[in-house]
Each structure stands twice: as structure tokens, then as C-alpha cells.
Amino acid sequence: MSTEPLLLRYMTRFRCIAERCEDTCCTGLRVPVSEPQWARMRAAVAGSAEESERLHRCITPNPGGATTEHAFIEMRPDGHCPLLDTERLCSLQRRHGDAVLPDICATFPRVVTRWGERVEVSGTLACPEVARLCLLEEDAVEPVPTPLAASHVPRPETARHIPADAEDAWAFHAETVREALLRMLYRREYPLASRLAMIGHLAHGLDGFYFRGTESFRGEDREAAEARLGEVLQHFDSPDVLETVHRDFSGLALPGGPCVGLFSSVLRARMAAGRGERFSSLARSVLESLGLQEGTPGELDAAWRTYAERWRHLEALHGARVHQYFDNYAAHFVWRNPLIDAPGLLAYVFRLALRVGLLRLTLVGHPRVAELCQESSPTADSQEQLDRAAVETFQLVAKHVEQAPDFLALAEGLVGPGRGADTLGKVLIFATF
Ligand code: SF4
């Protein structure tokens, strides 16, 4: 494997748009400050009693007292950072430069991962500009070998490192397995739903012996296990196998009411957590637009019918564009999130299918999309309207839902042990949504 740094193409185009940004990097987040960073921040403001007092007011010590999370910057009740100035720019960075910022502020929205010796740079869709660049250009999620500049990796020491340790088979083979997932996801002649089913079946094929903590690759079993891994990956490279999965999966019709219930309860829970006005306003209007104001069971089937009808309409009017958002999102998910973070491959694919379902519901429930679905043919500016709605949807869900501890706990609870036919069934349910 080459050790040349890889950037996803959209990150070669990324520039922070600062005061033109519709959000701020830190809205709704809890920003950890390490002990050395806190010392740097205090030293920087020491010359001004007013600034020093303001800084101390914003910082809450971590009762656990860990060195890396020594304290937190607490957001204001409206979700914004108390250190923003009147132009919504960081006052600390303006006066004292990047060096004084906590790591998360200095590196956002970049995600840097070192696989063995090779560095990969992607981004988080929690930044609106990243979401725009990632979703709206067809070639956005291609990896591009690129010499690294300081702007790509502002604090190299904070990069996540995944060592190539042959004793840890789960991590050691992760890049090979990821390539297989991406090969299938790039088969865009099939609907994304079928491709999710394909990677679900691939994951199920590896389920018995390739997972976190597997012992199947130890000692003299290694050779046989590696051969088996290669055979399963090769099996799912076969066009006939993919066609069969697609055919079988396409015939599957599942009621969507329970999924609507689950996704709407996720949106409600995140709203209740006070996630900033942009997210709350979107979530509220999505629920209203789908007739889910009360959260009663009776609403779910009607909302499912509205959702399915709108989705069909959207595909008829803007199919290629909508598919591009979700195709780019799915490939980006696999690039950006190392699969070793899940306990097994099926649990990983489940996480992706769950997010795709939630995003579909939120996009279709977006009031601007609901209006577009009233049109009988695309108008001059309808794609632009759709793009705006998509960027807002994917960005706000990335920022306020996807990394939230309660959402992650819900995903863990739903997937259970994350192995076996039961988990594959759950992947297929979300893929059909
Ligand atoms: S969210 Fe992105 S574009 Fe907006 S200010 Fe932060 S880095 Fe810049």
C-alpha cells in the first residue's frame, strides 16, 4: 500500500468561508480543553483583566480532571460559544492566533487519520462548507494523492493513528475490507438501497470469523483465515452475485411506519437536548411537514405514505441529484469512519444504513423539499433550492445527531451484539426505507 498522503477531493477545494458561513464551527458542541492548552490560553489573555475574566467564566473544570479533557468551554443556552465576537468569529483566535486554540477548534472541520505510515485527510459534514463541497460535486469523494500542506493537517500530533499490527487482525485487514466496501458502493448502476444490501451480505459473510477481538487469525490458523477472507471478498466482486442480491432485495417490501417512528423520536430527542436554533427549527418543521406533531402511533403510517409519495416524486423530478447526495454521503461515511470503531462489520454497515434512513426522512420532510414535491416539472431554480435543503439537512444532522452520545447509544441498543442474521435483517429494513 502506498504511503503517499490521500485527500478526498473535496478537501483539496476546502477553504473556510468564515463570516459568510451560515453556522459556526462550535455551535452545540462541548469543547474539551487539555491542561497545556488551558495554560496557553491563560497566558495569552494574562495582559487583559477583562479578557482573562471572560475566559475564566467560559471554562468549566472537568471533575474527572483528565489531562486531555482538563476542562470544557460551555456553550451559551442558545448553543453558541461564549468566546464568539459580534461578527460570530472567535475572539480568542482573532486576537491571539490559531496557536492558542484548543485542538478541536484548530483542526475543525478536518479529520486526519494515519493508517500505518499513510495519512488520509477527510472532513466532517458538520461544517456547512464541507457538506456543500462533499455533496454537490460528483467527483467530491475520490481520493487524491496530495503532498500535505500545513493547512491540511494543522496539528499533526492530534491525528488518529491506526497501526498496522499483524497481531490485531481486525485492524490489520481493515483497509482491504474497506476497499471491498467502496468497490460495491461505487457500483452506481444499482440503487443505493441494493448496494447497502450487498455490503450487508458481504459483512454477514465475514461475520463468523472477522470481527473485533477475533482469534481466528492466530498462529497456524492465520493462513486459512486470510484465505477465507480473500474468498469472501472475491465472491462479492462477482457481477452475478451482486445481481442476485439486487434482484432478491428489490422484491422486498417492508412497512416503513416503525422506521418513521424511530427517526422522528430521534429528531424529537435531539430537539429536547437544546441543540441550537437552526437544528431545532429544521427538526420541528420536518415533523410538522410529515404530520408528526403529536408523536402518536396513529400518525406513523400516514407519515410513511406521505414520505414514500414524496420520495417517488423527488426521484422523478431530481433523481440524479438526490442519488448523488446519498451516494457521496455513503462513500464518505466509509472513508471518514474507520470500520474498526464498530465491534464488527455488520454493526458498521448497520450504522451507515441507519444514518441513510434518518437523512432520507429529514430531507423529504424539509419544508423546501415538500414544496418542490408540489411541482409537476423541475423549474429554473428548483435544483438550487434542493441543494440548499440537502446541505442544511446533512450538515445539521451530522452536527447535532450523528455524534450525539444518546444517538450512538440508541444505535448500539438497536444493533445489540451486532452480529448474525438478525443484524443483517435490520440492515435490510433501513436499506428499504
Ligand atoms: S463551520 Fe466550516 S466554513 Fe463555517 S466557520 Fe467553521 S470551518 Fe469555516
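Me: What is the area buried between domain 2 and domain 3, and what share do carbon and sulfur atoms give?

Reply: The size of an interface is often given as the accessible area lost when the parts come together. In this predicted model, local features need pLDDT of at least 70, side-chain atom pairs count only at pLDDT 80 or more, and totals for chains, interfaces and linings use all residues. Side-chain values use heavy atoms, without hydrogens and water, and residues are numbered from 1 along each chain as its sequence is written. Between domain 2 and domain 3, about 340 Å² is buried, with 49% from carbon and sulfur atoms; buried area here is the accessible area (1.4 Å probe) that two parts lose on being put together, summed over both. Thr27, Gly28 and Leu29 supply 73% of the area that domain 2 buries against domain 3, more than any other three residues.

Me: How many salt bridges are counted between domain 2 and domain 3?

Reply: A salt bridge is a side-chain nitrogen of Lys or Arg within 4 Å of a carboxyl oxygen of Asp or Glu, and the count between domain 2 and domain 3 is zero.

Me: Where do these domains lie in the protein chain?

Reply: Bounds come from an automatic or database domain assignment, which gives domain 1 (6-15 + 108-162), domain 2 (26-106) and domain 3 (165-433). The C-alpha centres of domain 2 and domain 3 are 35 Å apart.
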